[in-house]
Every structure is written in C-alpha cells, then in structure tokens.
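Hi everyone, thanks for making time.

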Amino acid sequence: MKKYQSKKIVLVLGGGSARGLAHIGVLKVLKRNKIPVDIVVGTSIGSLIGAIYALGISLKKVEDIAIKTRWWHLTDFAISKIGLIEGLNLQNIIKDALEDKGFNDTKKPLYVVTTDIENGEEVVLSSGNLTKAIKASCSVPGIFVPTRIDGRLLVDGGLRSPVPTDVANKLGADFIIAVDVGFCVKKGKITNIFQAVFQAMQIIGSELNKHEARHSNLLIKVRLKEDMDQMAFNKAKEIIDSGEKAAEEMIPALKTAMKDEGL
C-alpha cells in the first residue's frame, strides 16, 4: 500500500450488512459540515458506501436505492460447493450504485478491504475491477460464493477487519475518523444456515471491534435498535436516520479534535 507523506485525514467505514446503511446518514452530515477527507477505507458494505462517496455520487440517489432494496434482491441461489448464493444480483446492484465507475474515477483514493479465504490474509484492493472488489468485500463466507481476483479467493473483509483502522494506520494516516455501526448478536434459537452464519459473523465482529474501533482519533458509534439486524433492509430509512443523528452528535467533538491536531 502507498504511504502518503503529507498530513492525511482518513475515513474508515466498517461492515454490518443492512446496518451499514447508517454510513449514508453519517456521510450526509460530514458533507453538510464540510469535513475534509483525503482517503477512504471500507470493508463489506462500508466499502460500497465509501466508494460511492469517493466517486462523488449523489448520496440522495443511493439513499433512494437503499430504501427500495430488500434482502431477497441479493439472492440468486448457486450450484456450488463453496457458497449458497452466486452473488450476480449483488454484483449488479453494486454496479448500478457505482454508475459503472471504477477505481480510476474516484475523486480521492479508495481502499477496499477483503479476506483471502484460502490463507486467512487480509487483502486490500485499490485498483482493478471496483465492482468485483466490493462484491468480494461484501461476500459473507458460506453464504456467497467467493470472488476470484488475481488468483486469490476473496470474501468479506469483516472477517479480519470489521472497522479497518489498521489499514488506515498503514497508509500513514494523521487523523482517522472511524464509523462503527456495531453488531447484532442475538439470543434465541437458530433455525437455518443463514441465521447460523450471520450469527457467527456477528460474534466474531463484535469481539474484533473491541480492539479495532478504538484505534481512531474520532469514533462515530451508531446505536441501532436490536431489531435492526444485518438483514433489516426494510428498515433502511430508520437506519440511515440513526447514522445521521450519531454523526450530528459527534460533530462538535470532531471539529475540536481536528483543531487540536492542526487540521
């Protein structure tokens, strides 16, 4: 990864499936308050929302898409030994949201975090096919068929970095604004493979978050209700509004912290 020499403000957007739609609300507030961002790092749905922001695409347009999307729009069952859902529907939704643009079209550097399922390594992508990179970063292992990129079998970046502040630090960030939408570990009966896999991801993510999210200069923690789980795309508007509220509450602290750092 390229390490920048001048002072850089890095925005880090974590994963969370439907919960990650809160990033849209956060970005609306950052833009409204003219908070400068030099580099964007995202994992899972954070990579998609981050790419939209880095490309300069209208957040209102993306919000409208999110409100209309339901979890079944992502499903296209696969004949595969390594995934239940092919992911072509997911790929098409990503492609449309990005207006068929790529890494070369971004107005600021973008880094997409994925995980190599064959060796456990974190793989950070900043070039190549942007749609495929984001699809890989959003692909929950066991549910979605992994994405092959440059010979590596890639899945959800949240396996290694649910809020990838470590990537931002490796880039030489001087100031990190991290957004954490939290995880939804439920208590109750597990009745199908989807629930089992997503619950496992929530447990892993909630533990990793305890270490990653705190490695930022300013953490925007979005508090979501328990019924707003990773599949709650039908609650998109409320989730986005929660992100907006959380960001608004942190703006005074953010401006003070940036001032203290001479930014």
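Predicted model: local features only at pLDDT ≥ 70, side-chain atom pairs only at ≥ 80, totals over all residues.

Okay, charged pairs. Side chains of opposite charge can pair when their charged atoms come close. How many salt bridges does the structure hold? The count comes to 13, and I'll pick out a few.

Let's start with Lys28 and Glu244. Their closest N and O atoms sit 3.4 Å apart, and they form a salt bridge. Lys28 belongs to helix α1, which covers residues 22-32, while Glu244 belongs to helix α8, residues 236-260, so this pair ties together parts that are 216 residues apart in sequence. And is Glu244 buried or exposed? Glu244 counts as buried, because its relative accessibility is 17% and the cut-off for buried is under 20%.

Next pair: Glu118 with Arg148, another salt bridge, with 3.4 Å between the closest N and O atoms. Here, too, distant parts of the chain get linked, 30 residues apart: Glu118 is in the loop between β3 (110-116) and β4 (122-125), and Arg148 is in strand β5, residues 147-149. Glu118 is exposed, at 54% relative accessible area, whereas Arg148 is partly exposed, at 42%.

Then there's Glu122, which makes a salt bridge with Lys170; for these two, the closest N and O atoms are 4.0 Å apart. Glu122 lies in strand β4 and Lys170 in helix α6 (residues 165-170), so to speak two distant parts of the chain, 48 residues apart. Glu122 is buried, with a relative accessible area of 19%, but Lys170 is partly exposed, at 49%.

Alright, on to the backbone. Most residues other than glycine have a negative phi.

You'll find Ser17 in the loop between β1 (9-13) and α1. With 19% relative accessibility, Ser17 counts as buried.

Another is Glu99, also not a glycine, with a positive phi of about 55°. Glu99 sits in the loop between α4 (88-97) and β3, and it is partly exposed, with a relative accessible area of 35%.

Conventions. Residues numbered from 1 in each chain as written. Heavy atoms only, no water. Salt bridge = Lys/Arg side-chain N within 4 Å of Asp/Glu carboxyl O. Helix = DSSP H or I, 4+ residues; strand = E, 2+ residues; numbered from the N terminus. Buried < 20%, exposed > 50% of the residue type's maximum accessible area, 1.4 Å probe, protein only.
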